[in-house]
Amino acid sequence: MMKQAAAAAVGGALAVGAVPVVLSAMGFTGAGIAASSVAAKMMSAAAIANGGAISAGSPVAILQSVGASGLSTSFNVLLASIGSAIGACLGEGDEARENVPQGEPPKPPLKSEKHEE
């Protein structure tokens, strides 16, 4: 049970902590979209698809907003809950099977009788 609780805590923390790191690595930064990044390529593709503009509410606009200002408290709570649930499932392992009986213990060997010759 403790292993599962620890895995849930780690999963929640990783889920919340990983979002800013991943977005920054993709190029969605507080200073804007980084040149020659995945974010720049996404922005270019979205602009071409929309006739030169990035529409509000598009994935690129949302990711840039999160990259610049971070996630809201309610979204952090949701993300932590999902991460905790996944962590708890992954941390379950063999713990649930520890107290299951493994069958009867082996019987001692039979004593052999002395054969007279």
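**Close-up views of a predicted model**

**View A. Leucine 79 sits in helix 4, which spans residues 73-90.** Helices here (H or I, at least four residues) and strands (E, at least two) are DSSP runs, numbered from the N terminus. This is a predicted model, in which local features need pLDDT of at least 70 and side-chain atom pairs count only at pLDDT 80 or more, while totals for chains, interfaces and linings use all residues. Residues are numbered from 1 along each chain as its sequence is written, and side-chain values use heavy atoms, with hydrogens and water left out. Leucine 79 counts as buried because its relative accessibility is 16% (buried means under 20% relative accessible area, with a 1.4 Å probe and protein chains only). Setting aside residues up to four places away in sequence, leucine 79 touches Ala15, Val16, Val19 and Leu71 (contact means heavy atoms within 4.5 Å).

**View B. Here is the largest nonpolar core, with 6 residues.** Its members are Leu23, Phe28, Ala39, Ala46, Val60 and Val66. A nonpolar core is a set of buried Ala, Val, Leu, Ile, Met, Phe, Trp, Tyr and Cys residues joined through side-chain atoms within 4.5 Å.

**View C. Helix 3 has Val60, Gln64 and Val66 buried.** These residues lie on the same side of helix 3 because they cover an arc of only 165 degrees around the axis (taken from the directions from the helix axis to the C-beta atoms). The buried residues of helix 3 pack against helix 1 (2-26), strand 1 (28-29), strand 2 (32-33) and helix 2.

Conventions. Buried < 20%, exposed > 50% of the residue type's maximum accessible area, 1.4 Å probe, protein only.
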